Amino acid sequence: MTSLLQSIRKRLTRLRAFPVLGTHEGAKFVLDPRNWTDNRVLARVPYEKAQFDHARKEIAARDLDLVIDIGANFGLYTIVLGREPGIREVIAFEPVKRNYNQLCANIFANRLDDKITAHCMALSDKNISGQTIYMDPKSTNLARFDVATADRPADVFQKSETIDVARFDDILALENRRAFVKIDVEGEAERCL
């Protein structure tokens, strides 16, 4: 019955035409009901619970006060982990403009402006100006530089935009800092750090 109820919630939520304010893990999010990930959060489908539990456990066990979110999307991890009591700073990277704008709205909605810094760029092992990134318009968590290596058909990635790519070490100097790092970059993780 639970999966049937969740399926109905997802379908009904998708009927909304405009972004709405929802909650997840105690945080507020401006969400687009027609976007795949946002829809699941709005429909209250269990989403990433094991990952959040793991992140909280590691942050507490290692006494970490910094979170780095690479591939932040609309800020699910940025916001939820940024609300943790021991976290003093969150640095988020999101290259897709629509996602970045939504991330900034969610930072504001949770009054975390003094704790979170968001960068509208991708990270890699080299600096690149004018890199094309391809996106699935139905699911903004699917964005890739190379659609040929995607686990989905190339025609799913119907949108594209030009972004900047930077080397992490050229952006931040984090000597003597211990951080929890979340990386979700669709096949580019080995180039980020």
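This is a predicted model: local features need pLDDT of at least 70, side-chain atom pairs count only at pLDDT 80 or more; totals for chains, interfaces and linings use all residues.
Residues are numbered from 1 along each chain as its sequence is written, and side-chain values use heavy atoms, with hydrogens and water left out.

The secondary structure of the protein comes to 6 helices and 10 strands, where helices (H or I, at least four residues) and strands (E, at least two) are DSSP runs numbered from the N terminus. Of the 193 residues in the protein, 45% are buried; buried means under 20% relative accessible area, exposed means over 50%, and partly exposed lies in between, with a 1.4 Å probe and protein chains only. The accessible surface comes to about 10,600 Å², and carbon and sulfur atoms contribute 50% of that area, as computed by the Shrake-Rupley method with a 1.4 Å probe, where for residues only the protein chains shown count as cover. Among contacts with a separation of 6 or more, 66% are between residues 24 or more positions apart, a contact being heavy atoms within 4.5 Å.

An open sheet of 4 strands has the order S5-S4-S3-S10, with parallel pairing; two strands pair if DSSP finds at least two bridges between them. Its edge strands, each pairing on one side only, are S5 (116-119) and S10 (179-183), and the twist from one strand to the next averages 10°. Strand S4 (residues 89-93) is joined to S5 by 4 bridges, the two running parallel, and Ala 92 has Ala 118 in S5 as its bridge partner. Across S4 and S5 lies helix H5 (residues 97-109), which runs at about 170° to S5; axes are lines fitted to C-alpha atoms, for helices over the stretch in contact, and angles run from 0 to 180 degrees between N-to-C directions.

Helix H3 (residues 49-61) has 13 residues, which at 1.5 Å a residue should span 18 Å, and this agrees with its end C-alpha atoms being 18 Å apart; the expected span is 1.5 Å times one less than the number of residues. In H3, the residues Phe 52, Ala 55, Glu 58 and Ile 59 are buried. Seen down the axis of H3, the buried residues fall within an arc of 130°, so they line one face of the helix, the arc being that of the directions from the helix axis to the C-beta atoms. These buried residues pack against strand S1 (20-24), strand S3 (66-70), helix H4 (76-82) and S10, while the face turned away from the buried side carries the exposed residues Ala 50, Lys 57, Ala 60 and Ala 61.

Strand S1 is also joined by 5 bridges to strand S2 (residues 27-31), and the two run antiparallel; His 24 stands opposite Ala 27 in S2. S1 and S2 form a hairpin with 2 residues between them, and Glu 25 in the turn has a positive phi of about 55°. Most residues other than glycine have a negative phi. Glu 25 counts as partly exposed because its relative accessibility is 30%. Asp 63, in the loop between H3 and S3, likewise has a positive phi of about 55° although it is not a glycine, and at 68% relative accessibility Asp 63 counts as exposed.
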